[in-house]
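The sequence and the structure are shown first.

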Amino acid sequence: STLHLVYEDIKLDIHYHHHLIELASLLYKLTCHLNWSSYIDHYARDHPALLHHMITRKRFDSGSHGWTNSDFAMTEDEPLYLRTYPPGVYQWLCAVLNKQKVQPYP
């Protein structure tokens with residue numbers, strides 16, 4: 001979640017925009033391992049090349065670092081806040097500018 005907020009912050013700063021795809025790629029791979037489908041969708045929509053790259057290339061090699069998908073799999077005991085859709089800074093800003101009632105940004 002914290003890395004996602006860094007990602008959203010970088011989206012707002014044009015000086016760091018060149019790092020965005022690198023961070024998105026890392027987050028995409030992590031969320032694939034965690035099976036966080038809403039986050040996977042979020043990064044794939046922001047960067048469609050990630051999805052194409054992952055489809056055409058061999059999936060992230062979990063054997064090289066000792067992780068398995070089961071190490072990161074969500075369980076029913078996980079807190080609900082981990083299952084929500086990732087916060088999007090653009091959607092939040094649009095809601096604020098349209099004078100909609102919104103919760104404070106994470």
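## Packing of helix 1 and helix 2

Helix 1 and helix 2 cross in a left-handed manner, a term used when the near helix is turned anticlockwise from the far one by less than a right angle, clockwise being right-handed. Helices are DSSP runs of H or I with at least four residues, and strands are runs of E with at least two, numbered from the N terminus. The model is predicted, with local features requiring pLDDT of at least 70 and side-chain atom pairs counted only at pLDDT 80 or more, whereas totals for chains, interfaces and linings use all residues. Residues are numbered from 1 along each chain as its sequence is written, and side-chain values use heavy atoms, without hydrogens and water.

The axes of helix 1 and helix 2 (residues 20-34) lie 10 Å apart at an angle of about 155°; axes are lines fitted to C-alpha atoms over the stretch in contact, and angles run from 0 to 180 degrees between N-to-C directions. Helix 1 is therefore roughly antiparallel to helix 2 (over 145 degrees; under 35 is roughly parallel, 65 to 115 roughly perpendicular and the rest oblique). Helix 1 contributes L3, H4, V6, Y7, I10 and K11 to the contact, and helix 2 contributes L20, L23, A24, L27 and L30, where contact means heavy atoms within 4.5 Å. These residues comprise 9 nonpolar, 1 polar and 1 charged (Ala, Val, Leu, Ile, Met, Phe, Trp, Tyr, Cys and Pro count as nonpolar, Asp, Glu, Lys and Arg as charged, and the others, Gly among them, as polar).

## Aromatic pairs

The structure contains 3 aromatic pairs: rings of Phe, Tyr and Trp (its six-membered ring) with centres within 6.5 Å, called stacked with planes under 30 degrees apart, edge-to-face over 60 and tilted otherwise. Y7 and Y43 form an edge-to-face pair, at 5.1 Å centre to centre and 85° between the planes. This pair links distant parts of the chain, with Y7 in helix 1 (residues 2-12) and Y43 in helix 3 (residues 37-46), 36 residues apart. Both Y7 and Y43 are buried (under 20% relative accessible area, with exposed over 50% and partly exposed in between, for a 1.4 Å probe and protein chains only).

The pair of Y39 and Y43 is tilted, because the ring centres are 6.5 Å apart and the planes stand at 50°. Y39 is also buried. Ring pairs join Y7, W36, Y39 and Y43 into a cluster.

## The chain overall

The chain has 6 helices and 0 strands. Of its 106 residues, 27% are buried.
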